[in-house]
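Colleague: I have this model open and would like to go through it with you. Could we start at the surface and work inwards?

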Amino acid sequence: MKVRIPKHREFLIKFEDDYDKQAEAWQALEQIVKEYSVDGKSIYSPTFIEDNEEKVKALQEQYEFTYEIIEK
């Protein structure tokens, strides 16, 4: 039997250790996921990265974090 497991991509978000707005930034990032799931989509949807990267970039400017997209 053959099984094809699709690759999954994720945002890897990093904050400086002493960043004081980290909790606020995580709430904003979690809001992106909540809004995305309204249409029945999830972080496992194949287009999650493409659909939300501009929103993450906007938050990156506001909250000073770095991110990369990784494949699992």
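**Charged pairs, pocket and core**

Modeller: Lysine 72 is exposed, at 61% relative accessibility, where exposed stands for over 50% relative accessible area, buried for under 20% and partly exposed for what lies in between, with a 1.4 Å probe and protein chains only. This is a predicted model, in which local features need pLDDT of at least 70 and side-chain atom pairs count only at pLDDT 80 or more, while totals for chains, interfaces and linings use all residues. Residues are numbered from 1 along each chain as its sequence is written, and side-chain values use heavy atoms, with hydrogens and water left out.

Colleague: OK, and which residue forms a salt bridge with lysine 72?

Modeller: That is glutamate 10, with the closest N and O atoms 3.6 Å apart; a salt bridge here is a side-chain nitrogen of Lys or Arg within 4 Å of a carboxyl oxygen of Asp or Glu. Glutamate 10 sits in strand 1 and lysine 72 in the segment after strand 2, so this pair ties together parts of the chain 62 residues apart in sequence. Strands (E, at least two residues) and helices (H or I, at least four) are DSSP runs numbered from the N terminus. Glutamate 10 itself is partly exposed, at 24% relative accessibility.

Colleague: How many salt bridges are there in the whole structure?

Modeller: The search finds 5. One of them joins the side chains of lysine 7 and glutamate 71, at 3.7 Å from N to O, and this pair links lysine 7, in the segment before strand 1, to glutamate 71 in strand 2, 64 residues apart. Both partners are exposed, lysine 7 at 66% relative accessibility and glutamate 71 at 51%. Lysine 41 and aspartate 51 form another, with 3.9 Å between their closest N and O atoms; since lysine 41 is in the loop between helix 1 and helix 2 and aspartate 51 is in helix 2, the pair ties together parts 10 residues apart in sequence.

Colleague: Changing topic, what volume does the largest pocket have?

Modeller: Its volume is about 250 Å³, taken as the space filled by probe spheres set on grid points joined across faces, edges and corners. A pocket is an open set of points on a 1 Å grid over the protein atoms alone where a 1.4 Å probe fits, with protein on both sides within 12 Å along at least five of seven lines, and lining residues have an atom within 4 Å of a point. There are 13 lining residues, and those closest to the centre are Phe11, Ile13, Val33, Ile43 and Phe48.

Colleague: Which element gives the most to that lining?

Modeller: Helix 1 does, with 5 residues, while strand 1 (9-14), helix 1 (22-37) and helix 2 (48-63) each supply at least two. By class, the lining has 9 nonpolar, 1 polar and 3 charged residues, counting Ala, Val, Leu, Ile, Met, Phe, Trp, Tyr, Cys and Pro as nonpolar, Asp, Glu, Lys and Arg as charged, and the others, Gly among them, as polar.

Colleague: Where is isoleucine 43?

Modeller: Isoleucine 43 is in the loop between helix 1 and helix 2, and at 33% relative accessibility it counts as partly exposed. Not counting residues up to four places away in sequence, isoleucine 43 touches His8, Val33 and Phe48, where contact means heavy atoms within 4.5 Å.

Colleague: And the core: which residues have the most contacts inside the largest one?

Modeller: Leu29 and Phe65 do, in a largest nonpolar core of 16 residues, a core being a set of buried Ala, Val, Leu, Ile, Met, Phe, Trp, Tyr and Cys residues joined through side-chain atoms within 4.5 Å. Apart from neighbours within four places in sequence, phenylalanine 65 is in contact with Ile13, Lys14, Phe15, Leu29, Val56, Leu59 and Gln60.

Colleague: Is asparagine 52 buried or exposed?

Modeller: Asparagine 52 is buried, at 1% relative accessibility. Its place is in helix 2, and, leaving out residues up to four places away in sequence, asparagine 52 touches Phe11, Ile32 and Tyr36.

Colleague: Last one: what is the phi of glutamate 64?

Modeller: Glutamate 64 has a positive phi of about 55°, although it is not a glycine. Most residues other than glycine have a negative phi. Glutamate 64 lies in the loop between helix 2 and strand 2 (66-71) and is exposed, with a relative accessible area of 56%.
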